[in-house]
Amino acid sequence: MSDFLATLSHTGIAKQLGLPTVPVLRRHRPGDPLLAGPVLVASPGAADGRFAKAVAALVEENGQPALAEAGEEKLHGIVVDLSGARTLADLAAAQQLLTPAVRRLRPSGRLLLIGAEPADAFATGGAEAAAVAQALDGLVRSVAKELRAGATANLLVVAEDAAPVAIDSSVRFFLSARSAYVDGQVVHVAAPIGVLPEPAEVDDPRGEERPLAGRVAVVTGAARGIGAAIADTLARDGATIVAVDVPAAGQLLAETANRTGGTALQLDITAADAADRLLGHLAERHDGVDLVVHNAGITRDKLLANMTADRWDAVLAVNLGAQLAINDALLADGSPLREAGRVVCVSSQSGIAGNRGQTNYAASKAGVIGMVRALAPRFAERGATINAVAPGFIETDMTATMPLATREGGRRINSLRQGGLPVDVAETIGWFGRAESGGLNGQVVRVCGQSMLGA
Amino acid sequence: MPASTRRAAVIGGNRIPFARANRAYAGASNLDMLTTTLDGLVARFGLAGERLGEVVAGAVLKHSRDFNLTREAVLGSRLSPATAAYDVQQACGTGLEATIAVANKIALGQIESGVAGGVDTASDAPIALNDDLRRVLVKLNAARTPLERLKLVGQLRPGQIVPEIPKNSEPRTGLSMGEHAARTALEWGIGRTEQDELTVRSHRNLAAAYERGFFDDLLTPYLKLTRDDNLRADSSLEKLAKLKPVFGKGPDATMTAGNSTPLTDGAALVLLGSDEWAAEHRLPVLAHVVDAETSGVDYVHGNDGLLTAPVFAVPRLLERNGLSLQDFDRYEIHEAFASVVLVQRKAWEDARFCKERLGRDTPLGPIDDDRLNVAGSSLAAGHPFAATGGRIVATLAKLLRERADAEGRDQRGLISICAAGGQGVVAILEATA
């Protein structure tokens with residue numbers, strides 16, 4: 001079911017009728033430049049941010065000027081480095097900088113704040129510094145709701161011991177069109193785990209087109225919907241795809257595999273030997289695996305009062321049990337997970353906000369978040385990371401069959417006033433999947449256009 | 001030219017579930033099914049855009065427009081269009097004969113990789129024009145003047161509307177395959193119960209293979225079918241005993257719709273390659289094609305049954321390879337009819353037959369039940385004529401690989417497929433531990 005209001009907006013009719021308009025989100029296409037205009041990069045106040053210089057360099061490498069203050073030009077983005085902000089005066093300086101600047105943001109513009117971990121700030125600047133660090137959280141979530149025309153605002157909270165290179169892949173993601181539907185998110189970046197690629201490689205513009213080149217990626221549930229988009233997007237970015245789905249979905253799975261130039265593995269991930277078969281396949285057909293995307297999921301909706309054991313068990317087995325078993329195997333001795341390995345689990349807004357009729361589904365998806373946080377230190381020991389994405393309202397065959405009112409509600413109650421696309425989830429997974437994203441571990445990032453549900 | 005030959009490796013296979021005629025695949029053509037099956041194979045082994053040595057396949061029931069069926073399937077698939085292809089047709093032996101053809105080119109070093117198999121549809125069967133009508137239309141097409149055309153139009157008759165429908169019968173005897181098999185079963189004294197027992201075993205073995213996920217990497221669902229729709233996991237002697245005989249006559253008739261294969265639609269393919277090619281592509285070697293033999297019998301004027309040619313092909317193959325019939329860990333004998341399998345076994349155990357017809361001092365001897373068609377065969381899966389060979393080669397290769405890995409020693413398997421026209425194709429596969 002197409003988004004009727006979006007169609008009205010894009011043809012200009014909605015505006016004439018006085019209806020709320022739905023912005024067109026800029027999305028990444030191969031060959032598009034990272035930046036569509038100048039970027040304001042500043043570290044205001046007495047604060048001496050340690051990232052502004054590197055970010056300015058990144059902007060200039062990508063062919064756009066890094067401006068120190070807002071002028072008359074329309075801005076692609078604004079990056080404010082507040083990693084050194086310790087006082088209310090620093091915070092006020094940020095406001096002085098931001099107020100004129102946000103007015104100059106282009107459609108699908110990007111506001112990215114960089115802050116310190118409150119605990120780190122407390123250690124050097126006391127309670128006021130911790131408060132200022134935490135204040136950015138409220139600032140970014142509010143400005144995200146105010147921005148228009150598809151512009152987004154997000155916050156990177158960076159640990160004291162993380163060098164500027166640790167945030168490079170995250171800055172690229174949040175400035176780019178790849179993060180179209182990620183809005184109002186707070187992401188914590190630590191000192192990177194494992195080996196980071198040489199900065200020269202990071203800056204290589206050709207590498208930026210295919211940031212996953214040479215990496216082997218497993219995608220479960222790849223036959224259709226979000227899983228198929230993940231496979232397509234990771235393949236576009238250079239990854240070799242191992243597409244996994246239940247044998248019954250084999251016909252569509254084969255299409256995904258052939259479209260991406262990858263391979264199809266028909267496997268019921270809830271089978272007792274599923275992890276052995278998957279890892280055995282990876283060892284036999286590849287030298288190992290770099291990226292495992294736990295995407296496979298099912299729904300068996302019923303009110304709890306009417307829930308049956310088989311509906312409960314089926315959802316928990318696919319959405320959580322299988323992920324636990326495969327992660328165990330990935331952590332075991334002799335695992336094919338390579339250095340700079342990345343595991344990305346697909347959670348859901350339902351797991352954060354809850355959803356009527358989805359006790360089983362929401363429990364499984366909240367469980368995924370618990371698992372990711374618990375396993376993050378264990379994957380770190382192997383030089384790998386594990387993170388989660390939590391999609392909000394994403395336009396798929398599943399949402400197309402929702403009742404009209406539910407669907408319309410789902411689409412509009414977010415800051416971007418529209419549903420996301422499967423590719424938005426996929427792009428976020430691609431960001432976590434990069435070798436350069438070793439500073440991200442145990443994170444849960446929502447791909448929801450800053451939905452009001454569970455926020 | 002290469003100095004010596006090598007053994008071609010069976011790397012894997014892909015088939016679609018087999019469907020009883022006029023059901024799930026009623027709207028699918030041979031080209032649809034073969035192309036989809038090829039794409040499933042490409043996806044399983046990551047061959048998108050790859051140029052293979054060749055693809056060899058065929059169909060028994062074939063429209064005249066499908067003269068280049070296999071090449072058309074390649075062009076419609078994700079393989080590189082630089083991959084050559086040709087069609088073969090040897091009735092039910094098509095799939096195995098195609099496998100032998102590809103394996104032999106690999107053995108000679110002429111190609112490094114190839115795909116072999118077949119497809120058949122009894123639903124989308126080629127119905128041809130009445131021969132009388134066709135002759136008039138051919139002349140009409142060649143006619144030069146309006147008068148000539150008018151004369152020819154005058155030759156058209158209402159009776160010419162009756163089309164030529166392909167029949168499952170032998171042109172030289174007018175008997176259906178089932179009638180032929182019924183005669184042979186009677187000659188050899190094959191009983192109803194033993195046929196039904198073999199049928200039950202086929203269904204149970206196939207169902208168990210599905211249950212343990214054996215076909216997860218041998219099959220790709222098609223048109224919402226995820227398993228062969230002829231499979232009856234709950235098949236039993238009691239149920240089969242209720243069926244009335246459909247071939248043969250009188251109290252001695254034993255062949256029913258249960259212990260005979262139904263008309264079926266489907267396709268199956270096998271990926272073959274040299275060991276080097278497999279290693280370069282990081283693909284597994286399930287087994288190797290060791291040797292093969294094809295034979296014919298004179299069922300028209302002589303005493304041999306239409307479907308008994310494998311009885312003669314197997315001893316020749318064994319002798320050439322210095323093997324006895326008991327030197328195999330697995331046997332795949334195509335179950336065109338339960339009686340066909342039982343006749344082959346009985347003939348090889350019969351001292352007089354082996355002496356008189358095979359010229360042997362001792363009979364070939366028995367085959368162990370537990371080694372025969374252990375993942376089910378055509379009685380349960382169905383039998384789309386040209387597809388059966390590919391199904392059997394891939395199934396046997398995987399069975400041998402599993403056992404070789406589990407037992408830590410080499411495994412050998414024998415394939416026997418009977419075909420219309422009084423022919424039989426047999427082959428030996430081996431898996432090294």
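A residue is called buried if 20 or more other C-beta atoms lie within 10 Å of its own, exposed if 12 or fewer, and partly exposed in between, with C-beta atoms placed from the backbone. The model is predicted: local features need pLDDT of at least 70, side-chain atom pairs count only at pLDDT 80 or more, and totals for chains, interfaces and linings use all residues. Residues are numbered from 1 along each chain as its sequence is written, while chains are lettered from A and ligands numbered from 1 in the order in which they are written. Helices (H or I, at least four residues) and strands (E, at least two) are DSSP runs, numbered from the N terminus.

**Residues with positive phi**

- Arg282(B), a residue other than glycine, has a positive phi near 50°.
- Arg282(B) lies in the loop between helix H9 (275-280) and strand E9 (287-296) of chain B, and counts as exposed because it has 12 C-beta neighbours inside 10 Å.
- Ala340(A), also a residue other than glycine, has a positive phi near 65°.
- Ala340(A) belongs to strand E11 of chain A, and its 23 C-beta neighbours inside 10 Å are why it counts as buried.

**The contact between the chains**

- Two residues are in contact if their C-beta atoms, placed from the backbone, lie within 7 Å; by this rule 16 residues of chain A touch 19 residues of chain B.
- On the side of chain A that touches chain B, the elements giving two or more residues are helix H10 (250-260), strand E9 (263-266) and H11 of chain A.
- H10(A) supplies the largest share of that side, five residues.

**Helix H10 of chain A**

- Of the 11 residues of H10(A), 10 are buried, leaving the helix mostly covered.
- The buried residues include Gly250(A), Leu252(A), Glu255(A) and Thr260(A).
- Their cover includes helix H9 (225-236), strand E8 (240-245) and E9 of chain A, together with helix H1 (30-45) of chain B.
- Gly261(A), with a positive phi near 70°, follows H10(A).

**Helix H12 of chain A**

- H12 (residues 309-331) of chain A has 23 residues and spans 30 Å from its first C-alpha to its last, close to the expected 33 Å (1.5 Å times one less than its number of residues).
- A kink of about 45° is centred on Ala317(A); the bend at a residue is the angle between axes fitted to the seven residues ending there and the seven starting there.
- Among the buried residues of H12(A) are Val315(A), Leu320(A), Ile326(A) and Leu330(A).
- The buried residues of H12(A) pack against helix H11 (274-285), strand E10 (289-294), strand E11 (337-346) and helix H14 (359-381) of chain A.

**Helix pairs**

- Axes are lines fitted to C-alpha atoms, for helices over the stretch in contact, and angles run from 0 to 180 degrees between N-to-C directions.
- Angles under 35 degrees count as roughly parallel, over 145 as roughly antiparallel, 65 to 115 as roughly perpendicular and the rest as oblique.
- Helices H4 (residues 88-102) and H5 (residues 118-146) of chain A pack at about 20° with their axes 10 Å apart, and are therefore roughly parallel to each other.
- Where H4(A) meets H5(A), the residues of H4(A) include Leu88(A) and Leu91(A), and those of H5(A) include Val132(A) and Ala135(A).
- In chain B, the axes of helix H3 (residues 94-107) and helix H14 (residues 388-407) come within 5 Å and cross at roughly 60°, so H3(B) and H14(B) are oblique to each other.
- The residues that meet include Gly95(B) and Ala98(B) in H3(B), and Gly389(B) and Gly390(B) in H14(B).
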